[in-house]
Amino acid sequence: MNKVRAAITGVATCVPDDVLTNQDLEKMVDTNDEWILSRTGIETRHILKGEGKGVSYMAEKAVKELLEKTNTDPKEIELVIFATVTPDHIFPATANKISYNLGMSNAWGFDLEAACSGFLYSLTLASKMIETGTHKKVLVVGADKMSAIIDYQDRATCIIFGDGGGAVLLEPDEENGIIDSVLGADGIGVQFLHMKAGGSIKPPSIESVQAREHYVYQEGKTVFKFAVTNMADSCEKIMQRNNLGANDISYLLAHQANKRIIDATANRMGLDQNKVLYNIQRYGNTTNGTIPLLMGDFESKFKKGDNLILAAFGGGFTWGATYLKWAI
Ligand code: UT7
């Protein structure tokens, strides 16, 4: 009998309607379209507006569409893993809220926080739950409302991030599915990318709000260097240990943080440009949303059996690469 793998059997996404363009940002901070485009590849990002709408608003839309698309009764879902850095509340987990609101009453679930690598970490965990035979239908959701934690007075961060995300359904498959993951983490990254206040080390106070410490703090240049090295290294490693040459790979779905990081990774892998998928120009960096958004946008290009490499790098630092065979 073949080994049971976890295959992605459906994908659905959600991006909010409101669009924030480079030209809009020119009016908010000292920046310009040419700088943003040449340094990051970003033209627009989507922003979730409206009182009382948290990340669950987008996640639920994606999950609802996914359940309909795959003809899945919500009660069949056994586990929901929600990768996010912008949960509706610090506790309880937004995964539980999504399950409750959508009638997934037989599912257990939790939020997973691994910054921009959260979707890959979650996918890997979910695949193990299926491989052991204990679970048959697992949802992995990756979404962020980055606009909730971005300082729109800080030109170095506000130009990069946007809101959005998506969800995938994982089911057992004996032919295709998730084959291997290389995951890593290094706490040296904490100092270069974090939120200064709001956690237990510095609970919210009038002073912390006035000091604008509830926003993303990033030392971009340093994060950039670590991102290029670790994303490319993990892709190289996963290719080597699965005997994959550049010609064997159908597409690279890399975390969309900066076009230059994606290009450097693709170069190291020796990939032709037509195998590298981008939507950073439309959405910017949606943190946990980038990889499911790529999957959703380019799903029609994929054929059953295609070799996909997913790659990510994020705060922590965290990083990883996943090799899967497309199953739909
Ligand atoms: O999601 C996972 C984690 N995050 C990432 O992977 C992001 C990694 N980092 C980056 O993508 C890049 O570092 C940024 C896009 C954030 C910044 O690009 P950079 O090429 O590293 O720029 P820099 O920070 O080195 O700044 C270069 C110059 C500076 O001016 P001086 O000192 O050379 O005069 C900045 O002040 O560009 C200036 N600058 C800007 N100019 C116009 C910084 N931000 C802007 C801006 N518009 N928005």
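Which residue's side chain does Tyr-283 join in a polar contact of 2.9 Å? The partner is Asp-297; a polar contact here is a pair of N or O atoms within 3.5 Å, where within protein one must be able to donate a hydrogen and the other to accept it, and residues adjacent in sequence count only if both atoms are side-chain atoms.

1. Ground rules. This is a predicted model, so to speak of local features we need pLDDT of at least 70, side-chain atom pairs count only at pLDDT 80 or more, and totals for chains, interfaces and linings use all residues. Numbering runs from 1 along each chain as its sequence is written, and side-chain values use heavy atoms, with hydrogens and water left out.

2. More on Tyr-283. You'll find Tyr-283 in helix α10 (residues 280-283); helices (H or I, at least four residues) and strands (E, at least two) are DSSP runs, numbered from the N terminus. Tyr-283 is buried, with a relative accessible area of 3% (buried means under 20%, with a 1.4 Å probe and protein chains only). Leaving out neighbours within four places in sequence, Tyr-283 is in contact with residues including Val-15, His-46 and Leu-293, contact meaning heavy atoms within 4.5 Å. Phe-161 lies 122 residues from Tyr-283 in sequence, yet their C-alpha atoms are 8.0 Å apart.

3. Two domains. The chain splits into domain 1 (5-176) and domain 2 (180-325), with bounds from an automatic or database domain assignment. Their centres, taken over C-alpha atoms, are 14 Å apart. Domain 1 brings 50 residues to the contact and domain 2 brings 47.

4. What the interface buries. About 3700 Å² is buried between the domains, 59% of it from carbon and sulfur atoms; this is the accessible area (1.4 Å probe) that two parts lose on being put together, summed over both. On the domain 1 side, Cys-116, Leu-120 and Asn-176 lose the most area, together 18% of what that side buries.

5. Polar links. Between the domains there are two salt bridges (a side-chain nitrogen of Lys or Arg within 4 Å of a carboxyl oxygen of Asp or Glu). The interface also has 21 residue pairs in polar contact, both residues at pLDDT 80 or more. Elements supplying at least two residues each to the domain 1 side include β1 (5-14) and α5 (118-131).

6. Ser-234, while you're looking. Ser-234 sits in helix α8 (residues 220-241) and is buried at 2% relative accessible area. Its side chain reaches the backbone oxygen of Met-231 at 3.3 Å. Not counting residues up to four places away in sequence, Ser-234 touches Val-182, Trp-319, Gly-320 and Ala-321.

Key
Buried means under 20% relative accessible area, exposed over 50%, partly exposed in between (1.4 Å probe, protein chains only).
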